[in-house]
Amino acid sequence: MRWTPRRLKLILNIYPPFLFAGIRVTKISPDWRELRVSMRLYWFNRNAVGTHFGGSLYSMVDPHIMLLLMQLLGSEFTVWDKAAGIEFHKPGTGTVSCVVRITDEDLAEIRRKTESGLPFRPTYVLAIVDDEGDPVATVTKELHVRRKHPVAKHTA
């Protein structure tokens, strides 16, 4: 299904796991290359020591690379989340945020490495930062991307 950035932003912001964790998608660029997400610290998303719950930190960045790539690559590709990890750097207090970007180089590499129809597993590293820009956590996402039909090679 094809979405507009505005519609996807609205849907993500009313999606219950995001809504009830205090997660807000604040921007999806018109060209699908950038998404911004943030989360304020509330009583309902605090852990036992009063800082951001780690599961909410991960949730705030979980689906975004996959969703952006699905829009950018179109229906001729299968895109899944394959694996993920999170490393915590310091307690998250206040508002935390993350910028997710897909570059021209990312897209060119995916298209090149999937020409044969074999899967490619790109890895993305996302920084979750506090209001001062200091890292709170780093999330590593591995995706599975496969072209549904190999590119035909023409011989001369």
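R36 is partly exposed in this predicted model, with a relative accessible area of 31%, and its salt bridge with E34 brings the closest N and O atoms to 2.9 Å from each other. E34 itself is buried, at a relative accessible area of 12%. A further salt bridge joins E34 to R101, and here too the closest N and O atoms are 2.9 Å apart. R101 is partly exposed, with a relative accessible area of 49%.

## Salt bridges

The structure holds 10 salt bridges. K90 lies in the loop between β3 and β4, while D130 lies in the loop between β5 and β6, so the pair ties together parts that are 40 residues apart in sequence. K90 counts as partly exposed at 34% relative accessibility, whereas D130 counts as buried at 7%. Salt bridges with shared partners also join K27, E34, R36 and R101 into one network.

| Pair | Closest N and O atoms |
|---|---|
| R36 and E34 | 2.9 Å |
| E34 and R101 | 2.9 Å |

Strand β2, which spans residues 34-39, is mostly covered, since five of its six residues are buried. Strand β1 (residues 23-28) runs antiparallel to β2 and is joined to it by five bridges, and within this pairing I23 stands opposite M39 of β2. The hairpin of β1 and β2 has five residues between the strands, and W32 there takes a positive phi near 65°. Strand β2 also pairs with β4 in the antiparallel sense, over six bridges, and V37 stands opposite C98 in β4.

T4 has its place in the segment before α1, the helix of residues 5-14. The residue is partly exposed, with a relative accessible area of 40%, and its side chain reaches the backbone nitrogen of R7 at 3.1 Å. Although T4 and W32 are 28 residues apart along the chain, their C-alpha atoms are separated by 8.9 Å, and this is the W32 that takes a positive phi in the hairpin of β1 and β2.

Q71 is found in helix α4 and counts as buried at 7% relative accessibility. A polar atom of the Q71 side chain lies 3.4 Å from the backbone nitrogen of W3.

## The buried face of helix α5

Which residues of helix α5 are buried? In this helix, made of residues 104-113, they are D106, L107 and I110. Seen down the axis of α5, the buried residues fall within an arc of 95°, so they line one face of the helix. In general, an α-helix has 3.6 residues a turn, so residues three or four places apart point the same way. The buried residues of α5 pack against helix α4 (64-73) and against the strands β3 (77-88), β4 (96-101), β5 (123-129) and β6 (135-147). Of these elements, α4 is the helix that holds Q71, and β4 is the strand that pairs with β2.

## Aromatic pairs

The structure holds three aromatic pairs. In one of them, the rings of Y15 and F18 have their centres 5.6 Å apart and their planes at 75°, so the pair is edge-to-face. Y15 counts as partly exposed at 42% relative accessibility, whereas F18 is buried, with a relative accessible area of 3%. W43 and F44 form an aromatic pair that is edge-to-face as well, with 5.5 Å from centre to centre and 90° between the planes. W43 counts as exposed at 72% relative accessibility, and F44 is partly exposed, with a relative accessible area of 38%. Ring pairs also bring Y42 together with W43 and F44, linking these residues into a cluster.

Technical notes: Residues numbered from 1 in each chain as written. Predicted model: local features only at pLDDT ≥ 70, side-chain atom pairs only at ≥ 80, totals over all residues. Heavy atoms only, no water. Buried < 20%, exposed > 50% of the residue type's maximum accessible area, 1.4 Å probe, protein only. Helix = DSSP H or I, 4+ residues; strand = E, 2+ residues; numbered from the N terminus. Arc of directions from axis to C-beta. Contact = heavy atoms within 4.5 Å. Phe/Tyr/Trp six-rings, centres within 6.5 Å; stacked < 30°, edge-to-face > 60°. Pairing = 2+ DSSP bridges. Polar contact = N/O pair within 3.5 Å; in protein donor to acceptor, adjacent residues only side chain to side chain. Salt bridge = Lys/Arg side-chain N within 4 Å of Asp/Glu carboxyl O.
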